Amino acid sequence: MKNPIIFQNIPCTLVTGFLGAGKTTVINQLLATKPDDERWALLINEFGRIGIDGALLASSQDNELEQKNIAIREVSGGCICCTSQLPLQIAISRLLSEHHPQRLLIEPTGLAHPRELILQLSAPHWQTALKMNAVITVLSGEQWQQIKYRDHDGYQAHVRDADVLIINRYTQLNTSEKQVLVEWIAKLNSQVKIIWDASELTASEAIDSSDVHSSDKFVANKLVADASLSTLNDQLNQPSSIISNQRKVSISNHQKSMIGLQSQANSLATVPSSSSFTDETKAQTSADSDLPYRYHEEQQDFQLAGWRLPAHYILNADDLQNWLLALLSWQRIKGVVHTSDGWLQINFNPGSLTTRTIDPQTDSRLEIILQLGNTVDTHAADKAIGKSETENDAKASSVLLDWEKCDRELMALVI
């Protein structure tokens, strides 16, 4: 038998944020700063069963992750921090054992309360394996403008448990609104470091080579954007005061169980040969191999549905977008889909509808999250067709989708 590999002090960073805040964009920014000679690993926790985020990241990295020494593992089907530590422990253990990364990034689902994950990673048996650096949280200025977000406990929870707060999508805020935002943040977390993501300044700046002032403005904005990215990258090596403080509490409160916890530490050195979580994942992968495949379920206050379709299914691009936006109370839509406009990456949230062309994939994947109640529901589609928020709220709280009908409607889009 091979001697187990003991991992110690692997730098680890949590990138948190509410659903649709822009975590994937920030992670892409961090991955872009990785030194060529370092091995990094990324653990993505998806709320649904179909892995989309990994495909989105892989596409954005031009499918050269292996050459760039970046390993991605997805844990789908719910929050890794809501039930037991086993899924999280297995996922991290396998990433460390199989890929030997020099740095680990963890992106929990946007529907999770980060406090639960922080409590897990503060347990004594993680202390030697992982060196927990600053918790980076992404906050969307567009979301914050809406009272349904900023008054929602799940939205506020991400701010409370952040060491660093990356604020994006804020260009529409005036000076007064920015000040109100900063004051709102201070009430929740007076110690958090705020970084204004300036990358969108250059992205939105159209340059006319004959316009000296426009060119100068672009150069100035790029300098600001580079500075904010450098500041963000520096946080990868800053220790987390949030987790450090929680670890002290965890050690103090669990002295009696130290023997049991220490016995678990050995599991960090090897990949478990079998477990209920591993077997369930394998069974799911096997069951999903026959396409087309669809699931739907309810978790917490949300309905989830996802589809995997064979690559040769081509969907009408315009009709697909119209169909998706017409769904009642949608909170997030993600996908990599073969359409009449080619292979498209779809990434919709209430404040941003983005699509872009990507390289061909092995299959099409589409996942939607709908709000069951009206606490944080979405009005984007109804605004587009002139319906009031009151009408939408009534429907959102009373209507559950007919998924068989949705299947037929989606298949009708295949050309």
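Six strands make up an open, antiparallel sheet in the order β9-β10-β14-β11-β12-β13, where strands are DSSP runs of E of at least two residues, helices are runs of H or I of at least four, and both are numbered from the N terminus. Two strands count as paired if DSSP finds at least two bridges between them. At the edges sit β9 (293-299) and β13 (352-357), each of which pairs on one side only. From one strand to the next the twist averages 10°, with axes fitted as lines to C-alpha atoms (for helices, over the stretch in contact) and angles running from 0 to 180 degrees between N-to-C directions. Helix α17 (residues 403-411) packs on this sheet and touches β9, β10 (302-310) and β14, contact meaning heavy atoms within 4.5 Å. The direction of α17 makes about 35° with that of β10. Inside the sheet, β11 (residues 330-339) and β14 (residues 363-371) are joined in the antiparallel sense by six bridges, and tryptophan 330 stands opposite leucine 370 in β14.

All of this comes from a predicted model, in which local features need pLDDT of at least 70 and side-chain atom pairs count only at pLDDT 80 or more, while totals for chains, interfaces and linings use all residues. Residues are numbered from 1 along each chain as its sequence is written, and side-chain values use heavy atoms, with hydrogens and water left out.

Parallel pairing turns up around β4 (residues 103-107). Strand β2 (residues 40-45) pairs with β4 over five bridges in the parallel sense, and β1 runs parallel to β4 with three bridges joining them. Five of the five residues in β4 are buried, that is, under 20% relative accessible area with a 1.4 Å probe and protein chains only (exposed is over 50%, partly exposed in between). The cover extends to both faces, with Arg103, Leu105 and Glu107 buried on one side and Leu104 and Ile106 on the other.

On the aromatic side, the structure holds eight pairs, counted when ring centres of Phe, Tyr or Trp (its six-membered ring) lie within 6.5 Å; planes under 30 degrees apart are stacked, over 60 edge-to-face and the rest tilted. Phenylalanine 18 and tyrosine 149 are edge-to-face, because their planes stand at 80°, with centres 6.0 Å apart. Since phenylalanine 18 lies in the loop between β1 (10-17) and α1 (23-32) and tyrosine 149 in helix α6 (residues 147-150), the pair ties together parts 131 residues apart in sequence. Both residues are buried. Tyrosine 155 and tryptophan 184 form a tilted pair, 6.1 Å centre to centre and 40° between the planes. That pair links helix α7 (residues 153-160) to helix α8 (residues 175-188), across 29 residues.
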